[in-house]
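Colleague: Can you put the model up? I have some questions about how the chain is arranged.
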Amino acid sequence: MKKSKPIAAFNSPFELGVRMVYLLNSLQPAGADLQKLVLLDYAIVYSDDLGGPPSLHTPVPYRGSEYLSRRDLIAQGLYLMSTRGLVAVAMDETGITYFAGDSARTMVGALTSPYLRELEGRCRWAAATFTTLSSRDMTERFAQQGHLWGAEFEVASARGQQWQ
């Protein structure tokens with residue numbers, strides 16, 4: 001009997017797709033293009049880096065480049081969620097825009113784990129903070145603050161401190 005390959009749960013298209021459903025639900029009625037969603041994903045995961053609530057995930061050194069490496073996974077996650085009616089896609093002369101699908105609100109309301117409630121709060125914060133900014137403006141803001149991302153780990157290491 002052939003063993004099936006385990007399904008990746010973390011940093012997978014499924015995980016990022018779920019985050020996109022929560023994020024797009026918070027952005028309603030607005031949507032966002034892929035670049036803005038990539039930046040918003042970083043904002044909801046590491047919100048403390050951008051002056052928001054405590055980060056959803058544990059901050060790691062050099063996390064500033066994470067938003068660049070997640071682009072393909074987010075695109076795959078958006079596609080996966082669109083096949084289930086959780087993400088809607090609109091194409092026009094300006095490009096592709098993603099919106100919360102017809103089933104997004106139902107999913108967000110039905111899932112009640114502590115992590116997903118925290119995710120929902122970060123998504124609401126990110127939507128309120130960044131909705132009016134363009135992808136370019138967000139990229140500039142992230143770049144301006146980028147020298148701080150991960151720096152606390154480097155400084156602590158230089159002083160001989162360890163993080164727990």
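Modeller: We can go from the overall layout to single residues.

Colleague: What kind of model is this?

Modeller: This is a predicted model.

Colleague: OK. How many helices and strands does the protein have?

Modeller: The protein has eight helices and two strands. Read from the N terminus, the order is α-α-α-α-β-β-α-α-α-α.

Colleague: How do the strands pair, parallel or antiparallel?

Modeller: Antiparallel: β1, residues 87–92, pairs with β2, residues 95–100, over six bridges. The two are joined by a hairpin through two residues.

Colleague: Which residue of β2 stands opposite Val89?

Modeller: Tyr98 is opposite Val89.

Colleague: Now the helices. At what angle do α1 and α6 cross?

Modeller: The axes of α1 (residues 13–27) and α6 (residues 114–130) cross at roughly 50 degrees and come within 8 Å. The two helices are therefore oblique to each other. The crossing of α1 past α6 is right-handed.

Colleague: Which residues make that contact?

Modeller: On α1, they are Glu15, Val18, Arg19, Tyr22, Leu23, Ser26 and Leu27. On α6, they are Tyr115, Leu116, Arg117, Leu119, Glu120, Cys123, Arg124 and Ala127.

Colleague: And α2 with α7, is that crossing left-handed or right-handed?

Modeller: α2 passes α7 in a left-handed crossing. Their axes come within 9 Å and cross at roughly 35 degrees, with α7 spanning residues 135–145.

Colleague: Which residues meet there?

Modeller: From α2, Gln35, Lys36, Leu39, Leu40, Tyr42 and Ala43. From α7, Ser135, Met138, Thr139 and Phe142.

Colleague: Let's stay on Leu40. Buried or exposed?

Modeller: Leu40, in helix α2 (residues 34–45), has a relative accessible area of 0%. Buried means under 20%, so Leu40 counts as buried.

Colleague: What does Leu40 touch?

Modeller: Leaving out residues up to four places away in sequence, Leu40 touches Leu23, Leu27, Ala126, Phe130 and Met138. Leu23 and Leu27 are also among the α1 residues in the contact with α6, and Met138 is one of the α7 residues that meet α2.

Colleague: How far apart are Leu40 and Thr131?

Modeller: In sequence they are 91 residues apart; in space, 9.4 Å from C-alpha to C-alpha.

Colleague: Moving on to loops. Where is Ser47?

Modeller: Ser47 sits in the loop between α2 and α3, the latter being residues 66–69. Its relative accessibility is 0%, so Ser47 counts as buried.

Colleague: What are its contacts?

Modeller: With residues up to four places away in sequence not counted, Ser47 touches Tyr42, Gly52, Pro53, Pro54, Ser55, Leu56, Arg122 and Trp125.

Colleague: What about Leu111, where does it lie?

Modeller: Leu111 lies in the loop between α5 (104–110) and α6. Leu111 has a relative accessible area of 34%, so it is partly exposed.

Colleague: Last one: what share of the contacts joins residues at least 24 apart?

Modeller: Among contacts between residues at least 6 apart in sequence, 66% join residues at least 24 apart.

Technical notes. Residues are numbered from 1 along each chain as its sequence is written. This is a predicted model: local features need pLDDT of at least 70, side-chain atom pairs count only at pLDDT 80 or more; totals for chains, interfaces and linings use all residues. Side-chain values use heavy atoms; hydrogens and water are left out. Two strands pair if DSSP finds at least two bridges between them. Helices (H or I, at least four residues) and strands (E, at least two) are DSSP runs, numbered from the N terminus. Contact means heavy atoms within 4.5 Å. Buried means under 20% relative accessible area, exposed over 50%, partly exposed in between (1.4 Å probe, protein chains only). Axes are lines fitted to C-alpha atoms, for helices over the stretch in contact, and angles run from 0 to 180 degrees between N-to-C directions. Angles under 35 degrees count as roughly parallel, over 145 as roughly antiparallel, 65 to 115 as roughly perpendicular and the rest as oblique. A crossing is left-handed if the near helix is turned anticlockwise from the far one by less than a right angle, and right-handed if clockwise.
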